[in-house]
Amino acid sequence: MARRKTKIKFFTIADYEEEERWLEEEHRNGWRLVKLIPPVFFIFEETKPEDYIYKLDYKNKEMPNDYFQMFKDYGWEYCGYSLGWNCFRKAASQVRAEEEGEIFSDDESKLDMIKYLMLTRLLPLLIIFFAVLVPGIGRLRLTEGFIVILSFIIYVLAGVLYIYVFVRVGLRLWQMRNKINNKS
Amino acid sequence: MDERLGRIYVPMSETAFYILFCLQEAQHGYGIGQAVKEMTRDEVTIGPGTMYGTLSKMEKDGLISLVNEVEKRKIYKATDLGKEILEIELKRIRRLYINSTGGEYNG
């Protein structure tokens, strides 16, 4: 049996292109992705070093058979699912024209995926923030003591981290969106 | 045809046009992709993500409907509404073509 390795790597929802390039690099170095385990585990198997193209498609739900069949018809091999993302790959040697190495062929569909990401991932984060974290801080002030101070610090830290991730991911998606919009 | 559909599909993207045009006959996604490649001498390619998304949208908007499923491939065909919208687009494109090649457009 081929040797296996597990890697832990964190990518935000705005880093999917970096994730694709990273998976391609692993394959070039002789490590083929065999499984994705949420949230951050990548299982690889030793293989012949080869140029492969990896693509991620965000769907946020379990897709029906015809979806996978269509990618298969187009020559894409399915190689895993994690947290709403479907991963596909294709040998670079099978790509005769540049477009055959893409899963999205127009700007509209690329933008649709970014909009869908914002709606299903970014917007719920915002709602949780205002519905849970902000009222939580307000309630803390009603009682006193060491535990309260500790919880308050944890709350503030969580809040700051939250805002940081939210702004960073939001900005990144926004920039990707503008880049596509300005090109056309 | 309601206003929303008019905004989305008149005029429509090249991808949407070719898909709807091909679906005058029943066909599945990959088959449409191959037909478009052939018709345009490989100049227009529709990727699987774009194909799947556009077919889903058009089905939801009632421009095409599922007629069959064979070996995990969904086969679609343009509905009457789809054909009506395609006709509007064809007329626009014909007008564009006639005027751009110096002809006289007579309506």
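**Conventions.** I number residues from 1 along each chain as its sequence is written, and I letter chains from A and number ligands from 1 in the order in which they are written. For this predicted model, local features need pLDDT of at least 70 and side-chain atom pairs count only at pLDDT 80 or more, while totals for chains, interfaces and linings use all residues.

**Entry 1: domains of chain A.** I looked up how chain A is divided and found domain 1 (4-101) and domain 2 (107-183); the bounds come from an automatic or database domain assignment. Taken over C-alpha atoms, the centres of the two domains are separated by 27 Å. I found 5 residues of domain 1 in contact with 8 residues of domain 2. Contact here requires C-beta atoms, placed from the backbone, to lie within 7 Å. The side of domain 1 that touches domain 2 has 3 nonpolar, 2 polar and no charged residues. For these classes, Ala, Val, Leu, Ile, Met, Phe, Trp, Tyr, Cys and Pro count as nonpolar, Asp, Glu, Lys and Arg as charged, and the others, Gly among them, as polar.

**Entry 2: the nonpolar core.** I took the largest nonpolar core, which has 41 residues. Such a core is a set of buried Ala, Val, Leu, Ile, Met, Phe, Trp, Tyr and Cys residues joined through C-beta atoms within 7 Å. A residue is buried if 20 or more other C-beta atoms lie within 10 Å of its own, exposed if 12 or fewer, and partly exposed in between, with C-beta atoms placed from the backbone. B:Ile19, B:Leu20 and B:Leu23 have the most contacts inside the core. Helix H2 (residues 14-22) of chain B supplies the largest share, 5 residues. Helices (H or I, at least four residues) and strands (E, at least two) are DSSP runs numbered from the N terminus. Leaving out residues up to four places away in sequence, I see B:Ile19 touching B:Ile32, B:Thr54, B:Leu55 and B:Met58.

**Entry 3: H2 against H3 in chain B.** I checked the axes of H2(B) and H3(B), which come within 10 Å and cross at roughly 105 degrees. Axes are lines fitted to C-alpha atoms, for helices over the stretch in contact, and angles run from 0 to 180 degrees between N-to-C directions. The two helices are therefore roughly perpendicular, a label for angles of 65 to 115 degrees, with under 35 roughly parallel, over 145 roughly antiparallel and the rest oblique. B:Tyr18, B:Ile19 and B:Cys22 in H2(B) meet B:Ile32, B:Ala35 and B:Val36 in H3(B). By class this contact has 6 nonpolar, no polar and no charged residues.

**Entry 4: backbone.** I noted a cis peptide bond between A:Pro38 and A:Pro39, with omega about 0 degrees. A:Pro39 lies in the loop between strand S2 (31-37) and strand S3 (41-46) of chain A. The bond from B:Val10 to B:Pro11 is also cis, with omega near -5 degrees, and B:Pro11 is in the loop between helix H1 (3-9) and H2 of chain B. A:Leu83, not a glycine, has a positive phi of about 45 degrees; A:Leu83 counts as exposed, with 12 C-beta neighbours inside 10 Å.

**Entry 5: chain B on chain A.** I found 17 residues of chain B in contact with 21 residues of chain A. On the chain B side, H4(B) gives the most, 6 residues. The residues of that side divide into 5 nonpolar, 8 polar and 4 charged.

Key
Contact = placed C-beta atoms within 7 Å.
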